[in-house]
Each structure stands twice: as C-alpha cells, then as structure tokens.
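Subject: A structure for you to explore

Hello,

Here is the structure I promised to pass on to you. Please open it beside this email and follow along as you read.

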Amino acid sequence: MARACSILMLCALMALPGFTPAFAATDDGIITLEAAHARLEPRGAAPREGEVDLARRWDRDFPGLGGRATYDVALPPRVGSEPMALLFSRVGNQVHVLVNGTTVQRWGDLGDPVYDASKTMRMVTLPAALLHADRPNALRVEVTIQPQRLGGLSVLRYGPREAIEDLYDAQILWRDLAMLLFAAGLIGMGALTALLWWRQRDPFYGWFSLSAFLGVTRVIDRSWADLPLPWPLLGAVAAICYSAHIALMCRFVLMALGPVPRGMQRAIDGVMAAAAILDILAFALHLPLLMTLGLVLLPILGLATLAAITRVAWVRHSTKAWVLAAAIAGAMATGVYDIVMIRIAGASGLRNTYSQHALFAFVLLMAWFIAERYSRSVANYHALNADLARRVEERERQLHEAFDSLREQQHHQSVSNERQRIMREIHDGVGSQLVGLLNMVTQKGADAAALKDQVQLALDEMRMAVDSLQPAHDDLSTLLATLRYRLQSRLQAAGVAVVWDVAELPELQQLPPHVVLHVQRILLEAFTNVLKHARASQVTVQVRWRDEDAPRVLLRIADNGIGLRTDEGASEAQIHGRGLDNMRARAAAIGAVFRLEPSAGGGTCVALEWRVERRRTRADTAG
C-alpha cells in the first residue's frame, strides 16, 4: 500500500508543469531528498543563497564557523489519506521545522547552544490534513549552528509513516542502541576493574577502568542532546576523553601480554598529550583541521601497538597475542574508515560510523582477558594460600616438636634439680644430725638425754624434708598447721605453751618446695632456740597479712624467756651459734627480711617479713 501511494505521488508530482524533481525514489516507497534551496548565513562570512547539495555538510563549506541557515524543499503532493513522515539523517544544531507555513517540530531554541539535535536521527510525522493534494508541499527547515558541531541539514527522506518508522527503527537500533550497549558495557567493566584495582592495586585493572570511563564520556556526549556544559568546552572535553580512551586501550592491550616497553609507554603518553593540545587549540581557535590531526595520531599509535603485539605473537607463538592483533586490526580499520570517509570526506548523515561497534566488540574481548587474568590471579592466590598453609602447618609441627622436647628437657631438669635439692637437704640436715648422733654414740658415757635430742632433731629434719614435698596449694596456713602438728608435742613435753595467733591469710602467688623448706627451717630453728636457750614457758606464733603499700606476710615468734644475752665483747655467733646466720641466709634466699628483737614479754622475738604477691581471684578480676 505504501509503495502504491508513493508511485501515485510521484506520478502526480511529475505531471505538474515545469516541475523538476530534486529527489530519488526507492522501491519501498521512500523518497530521498538530496538538494534544497538554501540561504546560508555563516557568522563572519558573506551569506550565500541558491541550490545546495544536502550531501555536502556545512563544515566543509564553512569550517570553524557557526551561523544560521534556512532550507526550502518541495515535497510531492499528498496521495491518499495516510500520514506521511520525514526522516532527517542529520540536522542541527537547533531546529525549527515547518510544512506549508505550519510548525510541525522544534528541537531546542534557535540560537541556544545548550541543545544539539545533530546527535541522532530525527523523525517528524506529517498529518495528511496538513499536506496539499493538488500541488507540492513546502518544507522549510530553519537551523542555527555552532562552530565545529556538525550542524546544518543533511540528506533527508520522505514517505509513508509506516515505511519511515521501519527505517527509523532500524537506524536507531544500529546507531543509538549499539551506543547504549557500548556505554553499558564500558560502565560495567569500568566499575568491575575499578573494584579489582582498589583491592589488588594492579595497574592492569586501573588503566582499563580509566579508559572505560573516558569512553563512557564520549558516548554520553554523542547520546545526550542537552548536556549542561557550554559549547565549545563540551566539544573539547569530549574530544580529549575520546583520544585518551583509545590511547589507554592501547596501553591496556600491551599490558595484557606483559610489561609495556618503555618506548611504547612514551609513545602513548606523547599521543595523549599531543591529541589533548590539538583538541584544545582546535576548539579555542575554531580550526577543525587541528582536531582531525589529533584523530590521525590515534591510528598511528594503533599501528605501532599492532606491530608490537604481532611481534610478541610471532616470537611466543601465542594464540592470545594473535587474537589481540586481529582485534586491533579490525578496530583500526573501522577507525580509519570513519576518519577518512566521514570526517575528512565530509559525508552526510546517511553514512554510518563503525568505530563504536568495533570498540564494543573489542571491549568484550578485553572483558574476556580481564576475566581470564582474574581467574589466573585467583588460582595463584589459592596456590599461594595452600603453600602458606602447608608451610605454617609444617612450622607449627616443628614448633610443637621443639616445645615438647623443651618441655621434656625442663621436666628432666626440674626432676634433676629437685633430686639434688633433696639430696642436699638430706645431707645437710638429716645427714649432719646422724653424723653428730654417730659421734655421740661412739663416745663412752654419752648422755641419754642428749642422744634423744639429737635423734629428735634428725627425725624433725627428715619430716620437714618430706613435708616440703607435699603440695601446699599456695596456702601458708596449711604450712603452719603442718609445722604445729610436728612440734606441738615436743613443746608441750618441754613445758612450753604455744599460742597460735594466725589471722586469715589469702592464697599466695606461689609456694614451691624450696620456699616451704626454707620457711620450715627458719621456724624450726626459732623453736629449737626457744627450747635450748630461752628458758621460756610460753611462745607465741603470730602471722599477719599486710597490703598497705606492698603485699607481704609478717611472721613473728616471740617467747617470754630470759631474752638476748648482753655479754660485753661477745659476738652474735658466740652468743647464739651459727643458727642465726642460717636463718638470715634462708630468709634472703626467699626474698624475706629477718630481724631479731626483744619481745614485749621480756623474751626474744624472731620476725620474718616476706614480700609475696597474692593470687588473683575471679572476684578480684571482676572488681
């Protein structure tokens, strides 16, 4: 039906007297309009008026200039009652479309550079009631143009709305949808590689992420008609981002195969800097040729990258490198085509660009390489973790073996030390008493009472040695109670009453056997001195815990005997024998202070002040 209407429309138009068509018709009923009567008013140059070839862009005739233009095109008369449509392959930058003097579409406000209608194809529906059936219809397109913005009017198409919509949908699918997919892929890959770079600090991911987001900036510029950025700043930013995007892609591709050669690093940095300078100068001085020169640098860099990768593929026989080389060759081919056939040739909007499609395929390939590199990194990490776990396990096993060996050695050493201590104590204590007893027995007329005392002392020494091996559980009260049990009968038999004034004591930090034995010996010596020398009827044992400035135990043994001797010129050893020296030595061995002083009852007091930490309980910890 659309094709029949188009044929009837052409026949009616050609039947008009003096009419020369400025269009070409296709089999699908769509007319391609290739010429128009135009008034071109470039800013800073003389205006022109007359027939213009719509395939020739504004930028070819007025490079670096903006201005205004009015295009008049005669459309064929209406045939039938179906609505018609116009398809603008490119029109911009701000547009006002009129048919038979009636406004049918506006894109932006004329002269306002915020909006740019040239970034995508434009379709306008023409109601049948607006079109003449008996004469040609007047189409007027008024545009305002900014320098270097690809403005003006390009080749347009006219035909039944259904046919134009099909063509429009196909073109949008090829151009805009592909661009959106490209942008979505770049955003996703850029975000993913940015996260990988943040976690691993690998420049391989960082450069790709930066390149991807720069590419997204380029896509946004080509898709968003009213970006809130003034022109020509927007053009310069978009051009710089595009050049940096391509250059960083070259760096990333080289990094995918290993370290980037120093010469290529300098070349990439140089191309980015040169392209940025050329783009800035191009928009600042309104010289589009400078931007074209900046774009030409990119295929040259791509050719150098292709040569480097081809060399790696040839030397290493790497399939991965050959795939990369093929991808770069395809991307370069489309890039050269777009530069030569679109930008340099000044082609109309009917020609499609292919760089974005090649770059999208290239980005998909890079995504595969990134996934492969990440998988390899994860596998390496797993292998490293497994190796570290194995080493740690081996080290732990060695440490356990060393610890067990050390513990066994310490155990044997402790047993040996304890044996030596017991042997020494038996030798010095029980042994010396038995030797003395043996000497007394061998003497004629030995005193039975003296023999009994010597035997008792030997027995006490043996009992204390045995008691010192019993666990005291860090309880001084238990030690004192055991000693009281051992000596109570002897003291009572000697007519000495014992007063035990032992306050409640806390659990002490530690009471090892040698400490217990030293305390027992000191106390035994004190009681022996009371029995032998004091002539006392009562002895008081007082124990107190002090915790004012430093934790300590105060142990006092006081009698009511004759007190200390005061013979002038006599030494302490002569007065009291070697017992006091032994008591002081034993007190020093456990860190205690030994004092000998008069008691309140007139006798002698042996005081032992012993600094020792108390055991921390759960209540103390909670407090």
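**What I found**

Leaving out neighbours within four places in sequence, Ile309 is in contact with Val253, Leu254, Leu257, Ala321, Leu324, Ala325 and Ile328; contact means heavy atoms within 4.5 Å.

Before going on, a word on the source. This is a predicted model, in which local features need pLDDT of at least 70 and side-chain atom pairs count only at pLDDT 80 or more, while totals for chains, interfaces and linings use all residues. Residues are numbered from 1 along each chain as its sequence is written, and side-chain values use heavy atoms, with hydrogens and water left out.

**The cores**

Ile309 is among the residues with the most contacts inside the largest nonpolar core, as are Phe208, Leu324, Met366 and Ile370; this core has 48 residues. A nonpolar core is a set of buried Ala, Val, Leu, Ile, Met, Phe, Trp, Tyr and Cys residues joined through side-chain atoms within 4.5 Å. Buried means under 20% relative accessible area, exposed means over 50%, and partly exposed lies in between (1.4 Å probe, protein chains only). The elements giving two or more residues to this core are H3, H4 (203-223), H5, H6, H7, H8 (319-344) and H9 (355-442). Which of them gives the most? H5 does, with nine residues. Apart from this core lies another, of 39 residues, including Leu483, Ala536, Val543 and Trp545. In soluble globular proteins, nonpolar side chains tend to be buried together.

**The whole chain**

The chain has 15 helices and 18 strands. These are DSSP runs (helices H or I, at least four residues; strands E, at least two), numbered from the N terminus. Of the 623 residues, 44% count as buried. Residues 24 or more positions apart account for 70% of the contacts with a separation of 6 or more.

**Helix H6**

Helix H6 (residues 262-285) has 24 residues and should span 34 Å at 1.5 Å a residue; its end C-alpha atoms are 34 Å apart, which agrees. The expected span is 1.5 Å times one less than the number of residues. Among the buried residues of H6 are Met264, Ile268, Leu278 and Phe283, and the buried residues of this helix pack against H5 (233-255) and H7 (288-316). Just after H6, His286 takes a positive phi of about 55 degrees.

**Salt bridges**

Side chains of opposite charge can pair when their charged atoms come close. A search of the whole structure finds 18 salt bridges, each a side-chain nitrogen of Lys or Arg within 4 Å of a carboxyl oxygen of Asp or Glu. In one of them, the closest N and O atoms of Lys119 and Asp221 are 3.6 Å apart. This pair links distant parts of the chain: Lys119 is in the loop between strands E9 (102-107) and E10 (122-126), and Asp221 is in helix H4, 102 residues apart. Are these two residues buried or exposed? Lys119 is buried, with a relative accessible area of 17%, and Asp221 is buried too, at 12%.

Glu394 and Arg397 also meet in a salt bridge (2.3 Å, N to O). Both lie in helix H9, three residues apart, about one turn of the helix. Glu394 is partly exposed at 32%, and Arg397 is partly exposed at 38%. Elsewhere, Arg552, Arg556, Arg595, Glu597 and Glu609 are linked in a network of salt bridges.

Enjoy exploring!
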